[in-house]
Amino acid sequence: SNIVAIVGRPNVGKSTLFNRLLERREAIVDSTAGVTRDRHYGKSDWNGVDFTVIDTGGYDVGTEDIFEEEIRKQVQLAIDEATSIIFMVNVEEGLTDTDHEIYNLLRKANKPLYLVVNKVDSAKEELPATEFYQLGIEKYYTLSSATGSGTGDLLDDVVNDFPTTDYKDPFEGLPKITIAGRPNVGKSTLTNALLDVERNIVTDIAGTTRDSIQTLYNKFGHEFVLVDTAGMRKKNKVSEDLEFYSVMRSIRSIEFSDVVIIMVDATLGWESQDMNIFGLAQKNRKGIVIVVNKWDLVEKDTNTTRDFEAAIKSKIGQFTDIPILFVSALTKQRILKAVEVAMEVYNDRAKKIKTSKLNEVMLPVFEALPPPAIKGKYVKIKYCVQLPTPSPQFVFFCNLPQYVKEPYKRFTENQLRKHFGFTGVPIEVYFRQK
Ligand code: GDP
């Protein structure tokens, strides 16, 4: 998918634009329970075109002294990862040395670059804005943080300039699995271990989505495509320290996959970044398998596994019907089990329940335990169907859908899981007027 990065020195107003773009759509990770980090990336759309926005200033410390370190990293991030770059400056402070430095880095990137002059809130600020022509650009865009005007013109051009892809997925219809997780958790080790298992039949197709590699795996009766990024097997050392990179990689490979193996470091436990990845996978309605790696390093007694599992489940909240496996990518212990479980989750996600069967099972459940009446009015659920969507979504037709509250929706979801088994798969339930 296309990625638009917003770059600029601290306090020019990057996050204002970012938030405005995201208001149009919910942030990817924002409302997921347990996510405490600020949001720095999310989805937006313009004229019906979807894109991901990153606010590279998410890690702003707030001073310009950090230029050498942080801003340079942000700029590098934008250059490496983004489809288009919005370079934001600010009419109040005018053109600064830092702006010059950033621009010099950016213009070498050979990517669509949009200079955006922020805080042009009145006609009398239009004139000072012209000083930005000193950068040697042909055109700039003005934004008013006060009124929000200008965003439309900018986005028209940004979206219009997105590269057109005539990419045809060579593995269409095959299960796509990605391994996501923090840096150094063991993703590369597992990827290589799996591919080592059968080196001969591995097929690499590079440059599918930018930098992402699909590798066909076919062994022990399992055929699937391992989706990873170029960076995973051939590491970009410069960027390893920047959490952003792993986040961006995760976003891209998660969007491209059916099942996400979330890899957790057994020696560190479940941390906030794991939660973010989990939130991403869940919001994108992907199948999820949690793989606790480096299990060889853990001193074990009888309850270790159970306790570890319980600790993760307590963090991930309601949707806990997720397989958790304990592996060692290094010693290859249980890595084939991880593949098998991922395939099971894939099949569960693709599963379609026949309408007759669904009604036969669910209607008596509702009959026995209907939604609580509100003001003497009873909800009667009459009919249900599963939608033909890639991940399971169910619609329940009833007389008073507005009376069906969150706890009952959760109850319905749990009943679906209980009767039909959707392990590791996010389920949506909707109540609609008949
Ligand atoms: P990535 O950044 O997630 O791709 O992580 P790597 O695969 O590069 O692994 C990071 C480090 O952890 C390397 O030194 C690996 O050898 C080590 N490592 C990976 N998996 C295991 C494991 O299961 N057990 C142990 N003891 N070390 C591991």
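Modeller: A term before we start. Ala, Val, Leu, Ile, Met, Phe, Trp, Tyr, Cys and Pro count as nonpolar, Asp, Glu, Lys and Arg as charged, and the others, Gly among them, as polar. Keep in mind that this is a predicted model.

Colleague: By class, how many nonpolar, polar and charged residues does the shell around the ligand have?

Modeller: The shell has 6 nonpolar, 7 polar and 3 charged residues. In all, 16 residues surround the ligand. The closest are Gly 186, Lys 187, Ser 188, Thr 189 and Leu 330.

Colleague: Which helix gives the most to that shell?

Modeller: Helix 6, residues 187–197, with 3 residues.

Colleague: Now the whole chain. How many helices and strands does it have?

Modeller: There are 13 helices and 16 strands. The chain has 434 residues, and 39% of them count as buried. Look at contact separation as well. Take the contacts with a separation of 6 or more: residues 24 or more positions apart account for 71% of them.

Colleague: How do I read a sheet?

Modeller: Start with the pairing. Strands of a sheet pair through backbone hydrogen bonds, either parallel or antiparallel.

Colleague: In which sense do strand 2 and strand 3 pair?

Modeller: Antiparallel, over 6 bridges. Strand 3 covers residues 49–55. Within this strand, Val 49 is the bridge partner of Trp 46.

Colleague: And strand 1: in which sense does it pair with strand 3?

Modeller: Parallel, over 4 bridges. Val 4 stands opposite Val 53 in strand 3. Strand 1 also pairs with strand 4 in the parallel sense, over 4 bridges. There, Ala 5 has Ile 85 of strand 4 as its bridge partner.

Colleague: What is the order of the open sheet of 3 strands?

Modeller: The order is 14-15-16, with mixed pairing. Strand 14 (381–386) and strand 16 (428–433) stand at the edges. From one strand to the next, the twist averages 25°. Strand 15 (residues 393–398) pairs with strand 16 in the parallel sense over 6 bridges. Cys 398 stands opposite Gln 433 in strand 16.

Colleague: Last, the largest nonpolar core. Which residues touch the most other members?

Modeller: Phe 87, Ile 261, Ile 262, Val 289 and Val 292, out of 102 residues in this core. Helix 11 (residues 335–350) gives the most to the core, with 7 residues.

Colleague: What is Ile 261 in contact with, leaving aside its neighbours within four places in sequence?

Modeller: Ile 177, Thr 178, Ile 179, Ala 180, Val 289, Val 291, Ala 338 and Ala 342.

Definitions and conventions:
Residues numbered from 1 in each chain as written. Predicted model: local features only at pLDDT ≥ 70, side-chain atom pairs only at ≥ 80, totals over all residues. Pairing = 2+ DSSP bridges. Helix = DSSP H or I, 4+ residues; strand = E, 2+ residues; numbered from the N terminus. Buried ≥ 20, exposed ≤ 12 C-beta atoms within 10 Å, placed from the backbone. Contact = placed C-beta atoms within 7 Å. Near = placed C-beta within 6 Å. Core = buried A, V, L, I, M, F, W, Y, C linked by C-beta atoms within 7 Å. Axes fitted to C-alpha atoms, helices over the stretch in contact; angles between N-to-C directions.
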